[in-house]
Amino acid sequence: MADNEKTESTEGQTESKETPNEPIDVYALVAISLEQFIGVAWQKLGLHPDPLTHKIEKDLGQAKIAIDIAAKLAEILEPKLDDADKRTTQSIISDLRINFVRQSQTNA
């Protein structure tokens with residue numbers, strides 16, 4: 001029976017039979033957080049719309065914080081990545097930094 005599979009009891013009520021899950025891997029959590037901060041960084045650079053409001057709103061102060069946090073998370077995650085994933089992650093962080101400089105210059 002699959003996780004979270006529901007069965008009908010004799011009274012016609014639905015019961016959930018859950019199997020215990022594995023404990024969360026810290027590196028998986030770091031990877032999820034990295035993806036989220038990368039997305040937020042693009043949004044705060046004013047280069048992607050906010051997924052909730054669908055508006056482009058630039059906030060370079062918050063963009064810098066998101067980029068710095070993403071870079072630190074990438075650094076923590078790097079030992080667990082294969083070479084291709086390391087290059088991809090480094091490239092994304094580099095692209096964010098380059099775009100931060102470009103966006104900063106357009107505000108000057």
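The legends below describe close-up views of a predicted model.

Residues are numbered from 1 along each chain as its sequence is written, and side-chain values use heavy atoms, with hydrogens and water left out. As this is a predicted model, local features need pLDDT of at least 70 and side-chain atom pairs count only at pLDDT 80 or more, while totals for chains, interfaces and linings use all residues.

**View 1. The protein chain has three helices and two strands.** Along the sequence the elements follow the pattern β-β-α-α-α. Helices (H or I, at least four residues) and strands (E, at least two) are DSSP runs, numbered from the N terminus. Of the 108 residues of the protein chain, 22% count as buried. Buried stands for under 20% relative accessible area, exposed for over 50%, and partly exposed for values in between (1.4 Å probe, protein chains only).

**View 2. Helix α1 covers residues 26-44.** α1 has 19 residues and reaches 26 Å from its first C-alpha to its last, close to the 27 Å expected at 1.5 Å a residue. The expected span is 1.5 Å times one less than the number of residues. At the start of α1, the backbone nitrogen of Tyr27 has a side-chain oxygen of Asp25 within 3.2 Å. The buried residues of α1 are Val30, Leu34, Ile38, Ala41, Trp42 and Gln43. Just after α1, Gly46 takes a positive phi of about 80°.

**View 3. His54 lies in the loop between α1 and α2.** The phi of His54 is positive, at about 65°, although this residue is not a glycine. His54 counts as exposed because its relative accessibility is 64%.

**View 4. Helix α2 spans residues 60-77.** α2 has 18 residues, and the distance from its first C-alpha to its last is 25 Å, close to the 26 Å expected at 1.5 Å a residue. Buried in α2 are Leu60, Ala63, Ala66, Ile67, Ala70, Ala71, Leu73, Ala74 and Leu77. They cover an arc of only 165° around the axis, which puts them on the same side of α2. The arc is that of the directions from the helix axis to the C-beta atoms. At the start of α2, a side-chain oxygen of Asp59 comes to within 3.3 Å of the backbone nitrogen of Gly61.

**View 5. Helices α1 and α2 pack against each other.** The angle between α1 and α2 is about 155°, and their axes are 8 Å apart. Axes are lines fitted to C-alpha atoms, for helices over the stretch in contact, and angles run from 0 to 180 degrees between N-to-C directions. α1 and α2 are therefore roughly antiparallel to each other, a term that applies to angles over 145 degrees. The crossing of α1 and α2 is left-handed, meaning that the near helix is turned anticlockwise from the far one by less than a right angle.

**View 6. Ile69 is found in helix α2.** The C-alpha atoms of Ile69 and Phe37 are separated by 7.1 Å, and these residues are 32 residues apart along the chain. Ile69 counts as partly exposed because its relative accessibility is 31%.

**View 7. Val101 is part of helix α3 (residues 83-107).** In sequence, Val101 and Leu45 are 56 residues apart; in space, they are 9.9 Å apart, C-alpha to C-alpha. With 43% relative accessibility, Val101 counts as partly exposed.

Notes: Polar contact = N/O pair within 3.5 Å; in protein donor to acceptor, adjacent residues only side chain to side chain. Parallel < 35°, antiparallel > 145°, perpendicular 65-115°, else oblique.
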